[in-house]
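The sequence and structure come first, and the description follows.

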Amino acid sequence: FKLFSDETRLKILAYLFQARELHVRALCEMLGQSQPAVSHHLGLLRAAGLVDARRSGKHNYYHLQPRRLEELFSRAIWPADASGRRLRFDDYLRGITPPH
């Protein structure tokens with residue numbers, strides 16, 4: 001949860017939640033921060049398994065790891081209810097339309 005104590009990391013997660021996938025330069029512009037600073041935050045989030053990346057040409061594209069987020073939030077915040085239902089991030093991600 002220490003990762004969630006930083007405003008920049010929370011913003012990165014929020015942007016990725018909305019857009020599904022973004023490259024580092026886009027995140028830099030959205031956050032108004034340098035590439036090394038944003039890459040540092042992404043590295044921490046990636047090490048925790050909250051985001052992952054794919055490389056395409058010169059860009060690294062980052063996206064959320066919904067299963068890891070489900071696991072984290074289900075254990076800490078939203079335990080299963082009496083019927084055994086748990087929070088599912090995939091349901092939310094499918095319902096989001098990426099910004100144009």
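In this predicted model, Thr8, Arg9, Ile12 and Leu13 of helix α1 meet Val38, His41, Leu42, Leu44 and Leu45 of helix α3. Helix α1, which covers residues 7–19, packs with α3 at an angle of about 75 degrees, and their axes lie 10 Å apart. Because angles of 65 to 115 degrees count as roughly perpendicular, α1 is roughly perpendicular to α3.

The strands form an open sheet of three, ordered β1-β3-β2, in which the pairing is antiparallel. Strands β1 (21–23) and β2 (51–56) are the edge strands, each of them pairing on one side only. On average, and with direction ignored, neighbouring strands of the sheet are turned by 30 degrees against each other. Between β1 and β3 (residues 59–64), which run antiparallel, there are three bridges, and histidine 23 has tyrosine 61 in β3 as its bridge partner.

Two helices are placed against these strands. Helix α2 packs on the sheet, where it touches β1 and β3, while helix α3 lies across β2 and β3. The table gives the direction of each helix relative to one strand.

| Helix | Residues | Strands | Angle |
|---|---|---|---|
| α2 | 24–31 | β1 and β3 | about 90 degrees with β1 |
| α3 | 35–47 | β2 and β3 | about 120 degrees to β2 |

How values were computed
Residues numbered from 1 in each chain as written. Predicted model: local features only at pLDDT ≥ 70, side-chain atom pairs only at ≥ 80, totals over all residues. Heavy atoms only, no water. Pairing = 2+ DSSP bridges. Helix = DSSP H or I, 4+ residues; strand = E, 2+ residues; numbered from the N terminus. Axes fitted to C-alpha atoms, helices over the stretch in contact; angles between N-to-C directions. Contact = heavy atoms within 4.5 Å. Parallel < 35°, antiparallel > 145°, perpendicular 65-115°, else oblique.
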